[in-house]
Amino acid sequence: MREGAHPGQNAAYPAHLMFAKAIVAAAARFRRSRAQPTTAGGMIQEYEPEATRRQAGDQESSRASRGWWDRNADEYQSEHGAFLGDDRFVWGPEGLDEAEAGLLGDVAGLDVLEIGAGAAQCSRWLAARGARPVALDLSHRQLQHALRIGDDVPLVEADAAALPFRDGSFDLACSAYGAVPFVADPVRVFREVRRVLRPGGRWVFSVTHPIRWAFPDEPGPEGLSVSASYFDRTPYVEQDGEGRAVYVEHHRTIGDRVRDVVAGGFRLVDLVEPEWPAWNSQEWGGWSPLRGNLIPGTAIFVCERA
Ligand SMILES: C[S@@+](CC[C@H](N)C(=O)[O-])C[C@H]1O[C@@H](n2cnc3c(N)ncnc32)[C@H](O)[C@@H]1O
């Protein structure tokens, strides 16, 4: 059973956390060190987040993401900052770099929106190649890390579902595991991205490969046996003692994602499933050389504004 799962639940909660082990470890440390007091029945209580599968709408998901990333940004950046690099563009835990992948094309002279930018490492890579990036994220703390690294990229604190830009402001939009896995209504985000893109603009984003949801979130052999239905779209939710979500991830099948892309007003140009490279011996949550050599861990959708 996944750490934090409710003892009464018998399902093994599958892999759906981006960079899961580190996040789970960080969450556990957070729980131990800063358990949040809540009031219930006039009593102050401490809670241990309970992991479950249940519905979670737009607002609840967004609120949970903002709080979770604000609380965990320090740990995320200290654990993974070196792998991400201050100015590299890494698509996921396999380590596929945009310098090698070339999914964005020539970015020189382009206005680029990076969504769910975290500490804006990808935006810095884009700027070094002559693009004019804007790094957008929901989490204030993640953007403070962007400022810690440098003040060379414009930062915007906003929700991907309501982009604070005029129509047709950008030539290109991109996201490395930012926002899309965490939103209840990805089509709404895609329509927003389409709105702010100029005609023909490209939208390239990576997410946890949907097949991972069918497996336990473990880097070792236990992570190789199917434990849940791939077709179960019920979101993964961690909730506090009063039932409020403190972390949410949403599952879509590959087919769902393709339909969402089309419904959002895009053409799917390519779907890239990075293979685990021989040089990468690092485990990152449920992503490991063992599993990476057998099943995909990341899906990168390359789309064009229809
Ligand atoms: C896994 S991190 C990826 C960050 C960065 N791209 C990287 O590779 O390190 C996910 C990021 O998405 C952001 N995020 C989550 N939901 C979002 C939303 N609805 N709108 C904008 N950003 C969001 C989080 O705050 C977090 O910084």
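**Reading a predicted fold, one feature at a time**

Trainee: Let's start at the ligand: which helix gives the most to the shell around it?

Mentor: That's helix H2 (residues 58–84), with 4 residues. Helices here are DSSP runs of H or I with at least four residues, strands are runs of E with at least two, and both are numbered from the N terminus. Before we go on, keep in mind that this is a predicted model: local features need pLDDT of at least 70, side-chain atom pairs count only at pLDDT 80 or more, and totals for chains, interfaces and linings use all residues. Residues are numbered from 1 along each chain as its sequence is written.

Trainee: How many residues surround the ligand, and which are the closest?

Mentor: A residue is near a molecule if its C-beta atom, placed from the backbone, lies within 6 Å of it. Here 21 residues surround the ligand, and Trp69, Gly116, Gly118, Ser139 and Ala160 are the closest. The shell splits into 12 nonpolar, 7 polar and 2 charged residues.

Trainee: How do I read the confidence of the model?

Mentor: Look at pLDDT, the predictor's confidence in each residue, from 0 to 100. The protein chain averages 88, and 85% of the residues score at least 70. Over residues 1–45, though, the pLDDT is below 50, and this stretch has 94 contacts in the model beyond near neighbours in sequence. A contact means two C-beta atoms, placed from the backbone, within 7 Å.

Trainee: H2 again: which residues does it meet in H5?

Mentor: Trp69, Asp70, Ala73 and Gln77 in H2 meet His140, Arg141, Gln142 and His145 in H5. The residues of this contact divide into 2 nonpolar, 4 polar and 2 charged. The axes of H2 and helix H5 (residues 140–149) come within 7 Å and cross at roughly 35°. Axes are lines fitted to C-alpha atoms, for helices over the stretch in contact, and angles run from 0 to 180 degrees between N-to-C directions.

Trainee: On to sheets. In what order do the 7 strands of the open sheet come?

Mentor: Strands of a sheet pair through backbone hydrogen bonds, either parallel or antiparallel. Two strands count as paired if DSSP finds at least two bridges between them. Here the order is E6-E5-E4-E7-E8-E12-E11, with mixed pairing. Strand E6 (155–157) and strand E11 (266–272) are at the edges with a single partner strand each, so one side of each has no neighbour in the sheet. Neighbouring strands are turned by 20° against each other on average, direction ignored. H4 packs on this sheet, touching E4, E5 and E7, and its direction makes about 175° with that of E5.

Trainee: What does E4 pair with, and over how many bridges?

Mentor: E4 pairs with E5 in the parallel sense over 5 bridges, where isoleucine 115 stands opposite leucine 136 in E5. E4 also pairs with E7, again parallel, over 3 bridges, with leucine 113 opposite alanine 173 in E7.

Trainee: Is strand E5 (residues 132–137) enclosed or exposed?

Mentor: A residue is buried if 20 or more other C-beta atoms lie within 10 Å of its own, exposed if 12 or fewer, and partly exposed in between, with C-beta atoms placed from the backbone. In E5, 5 of the 6 residues are buried, so the strand is largely enclosed by the rest of the structure.

Trainee: And what does tryptophan 203 touch?

Mentor: Leaving out residues up to four places away in sequence, tryptophan 203 touches Ala173, Val193, Leu197, Phe266, Cys303 and Arg305. Tryptophan 203 lies in strand E8 (residues 197–208), and is buried because 26 other C-beta atoms are within 10 Å.

Trainee: Last one: where does alanine 120 sit, and what is its phi?

Mentor: Alanine 120 is in the loop between strand E4 (111–115) and helix H4 (121–128). Its phi is near 65°, a positive value in a residue other than glycine. Alanine 120 counts as buried because it has 29 C-beta neighbours inside 10 Å. Tyrosine 177 has a positive phi too, about 60°, and is found in the loop between strand E7 (170–176) and helix H6 (186–196).

How values were computed
Nonpolar A, V, L, I, M, F, W, Y, C, P; charged D, E, K, R; others polar.
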